[in-house]
Amino acid sequence: MSKKNAKKRYKLLRRIKSILFNPLTYAILAFPFIMIPMIIIVYHYEAGVSMEGMGDSFWNFLIAFVAGYYDICVVTPIGRLCSFIILIAGILVFSTLTGKIASVFMEAQMKKDKGLAKLKNLSQHFIICGYKNDFEKILESVLATNEDLTPDQIVLINEAPSENMENLRSDIRFKGIHYVAGDFSDETTLKRAKIEEAERALVISDQSQKLSQLETDSKTVLAVLTMTNLNPDLYIAAELIDSKFKRHLEMAHCDEIILANDYERKLIVSASSGIGMSQIITELVSSDSESGIYMEEIPTTFIGKSYGEYRDSLKTDAVLIGLLENTGNFHQRRTEALKEAQKTPNIKKIVENLKKIKHLKSNDPVIAPSASYIIKPNSRAIFIMGRGGKNAD
């Protein structure tokens with residue numbers, strides 16, 4: 001406790017010292033000692049000439065100091081000299097104040113433009129960490145895929161060259177987008193982006209720095225761990241270069257793990273078979289195509305019912321191919337599962353339920369389940385829609 005008090009005293013003494021030795025403090029203290037004698041001197045020499053009382057001298061001071069002109073015409077040389085000094089002092093003081101205020105606003109704007117300011121009045125936003133050479137295309141696709149997302153709801157965190165970010169933010173397509181400069185694995189940087197109030201985060205393999213693949217993936221894992229600690233309810237999707245780091249992200253309860261190199265490799269291998277598999281995969285995942293995979297919420301009336309019942313109730317040209325279970329944030333799903341597991345009075349059943357929670361996997365796809373498969377809470381339906389297909393429940 002004594003160390004804590006000593007630290008507080010030290011901070012207080014430093015603050016007092018900085019105030020006492022500040023030139024502004026000297027100016028404030030000197031002001032009355034200079035101006036009051038000036039008022040008295042002016043009245044002394046102008047009494048009975050241009051002024052009838054001390055009030056006239058004080059009024060002359062106010063107008064000369066604040067407004068910068070003379071309301072009373074002083075006639076004596078000493079009176080004019082003192083009035084001139086008051087006038088110049090007023091101009092200097094108000095010029096200094098105006099410059100200081102302007103510099104504060106300019107500094108704040110410069111910090112904001114360079115991504116050094118802490119964001120304010122932002123919540124439920126989407127954070128994108130990292131930078132790539134085709135970043136503009138990624139950002140454009142993100143906005144196209146998430147129709148309810150607008151640029152002013154997106155926060156970018158990276159260490160890309162400032163001119164790159166200035167060009168991107170000046171683009172009319174991304175007007176209003178927020179930017180925080182810095183290391184996205186650093187807690188301080190994430191807090192400037194209001195990570196505690198964010199809804200979703202996407203971490204892409206960062207190419208803004210000359211890092212090895214090992215360093216890039218390590219940075220991604222560290223960023224996910226930091227985000228999870230700062231905001232357990234945050235939905236996080238992260239990209240890895242090397243699949244050996246996948247286990248680390250799973251332990252950090254990352255909600256989605258993107259293995260871009262593995263996907264690319266598998267696509268190339270599938271093309272070697274000569275049966276057109278690569279075109280099929282491209283058609284399914286392309287955001288520009290009229291056909292492809294999409295997901296829909298399952299009505300609550302079908303939760304706890306069989307997959308076959310839900311499939312038979314559909315009126316759509318799209319094909320139901322399976323379910324995506326435990327959708328959303330892992331922390332929320334686990335909390336809900338823990339509450340559900342403890343509802344039964346049977347101790348053996350509780351232990352079994354808790355064992356299942358240990359192996360709980362976020363966004364777990366179940367492709368082509370049997371008709372008797374029971375639909376669990378927080379599940380979504382996976383569809384394939386053909387060209388010109390339209391869902392009609």
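**Exercise 1. Work out whether Asn 326 is buried or exposed, and say where it sits.**

Step 1: Start with the cut-offs: buried means under 20% relative accessible area, exposed means over 50%, and partly exposed is in between, with a 1.4 Å probe and protein chains only. Asn 326 has a relative accessible area of 16%, so it counts as buried.

Step 2: Now place it. Asn 326 is in the loop between β8 (319-325) and α13 (330-341). Helices here are DSSP runs of H or I with at least four residues, strands are runs of E with at least two, and both are numbered from the N terminus.

Step 3: Check the backbone. Asn 326 has a phi near 55°, which is a positive value in a residue other than glycine.

A word on what you're looking at: this is a predicted model, where local features need pLDDT of at least 70, side-chain atom pairs count only at pLDDT 80 or more, and totals for chains, interfaces and linings use all residues. Residues are numbered from 1 along each chain as its sequence is written, and side-chain values use heavy atoms, with hydrogens and water left out.

**Exercise 2. Find what surrounds Phe 383.**

Step 1: Phe 383 belongs to strand β10 (residues 380-385).

Step 2: Its relative accessible area is 0%, so Phe 383 is buried.

Step 3: List the neighbours, taking contact as heavy atoms within 4.5 Å. Setting aside residues within four places in sequence, Phe 383 touches Gly 292, Ile 293, Tyr 294, Glu 296, Tyr 310, Leu 314, Thr 316, Ala 318, Val 319 and Leu 320.

Step 4: Phe 383 and Asp 317 are 66 residues apart along the chain, yet their C-alpha atoms are separated by 9.8 Å.

**Exercise 3. Describe the aromatic pair of Phe 31 and Phe 65, then that of Phe 58 and Phe 61.**

Step 1: Know what to report. A pair of aromatic rings is described by the distance of the centres and the angle of the planes. Rings of Phe, Tyr and Trp (its six-membered ring) pair if their centres lie within 6.5 Å; planes under 30 degrees apart are stacked, over 60 edge-to-face, and the rest tilted. The rule gives seven aromatic pairs.

Step 2: Phe 31 and Phe 65 are 5.3 Å apart centre to centre with 65° between the planes, an edge-to-face pair. Phe 31 lies in helix α2 (residues 23-46) and Phe 65 in helix α3, so the pair ties together parts that are 34 residues apart in sequence. Phe 31 is partly exposed because its relative accessibility is 31%, while Phe 65, at 10%, is buried.

Step 3: Phe 58 and Phe 61 make a tilted pair, 6.1 Å centre to centre with 35° between the planes. Both are in helix α3, three residues apart, or about one turn of the helix. Phe 58 is partly exposed at 41% relative accessibility, whereas Phe 61 is buried at 8%.

**Exercise 4. Which residues make the nonpolar surface patch, and which element gives the most to it?**

Step 1: Patch residues have over 30% relative accessible area and no salt bridge; like charges are joined within 9 Å, and nonpolar side chains (Val, Leu, Ile, Met, Phe, Trp, Tyr) within 5 Å. A salt bridge is a side-chain nitrogen of Lys or Arg within 4 Å of a carboxyl oxygen of Asp or Glu. Areas use the Shrake-Rupley method with a 1.4 Å probe, and for residues only the protein chains shown count as cover.

Step 2: Phe 58, Trp 59, Leu 62, Val 66, Val 93, Phe 94 and Leu 97 make a patch of about 600 Å². The elements giving two or more residues are α3 (54-67) and α4 (77-113).

Step 3: The most comes from α3, with four residues.

Step 4: Check one member: Val 93 is in helix α4, and at 33% relative accessibility it counts as partly exposed.
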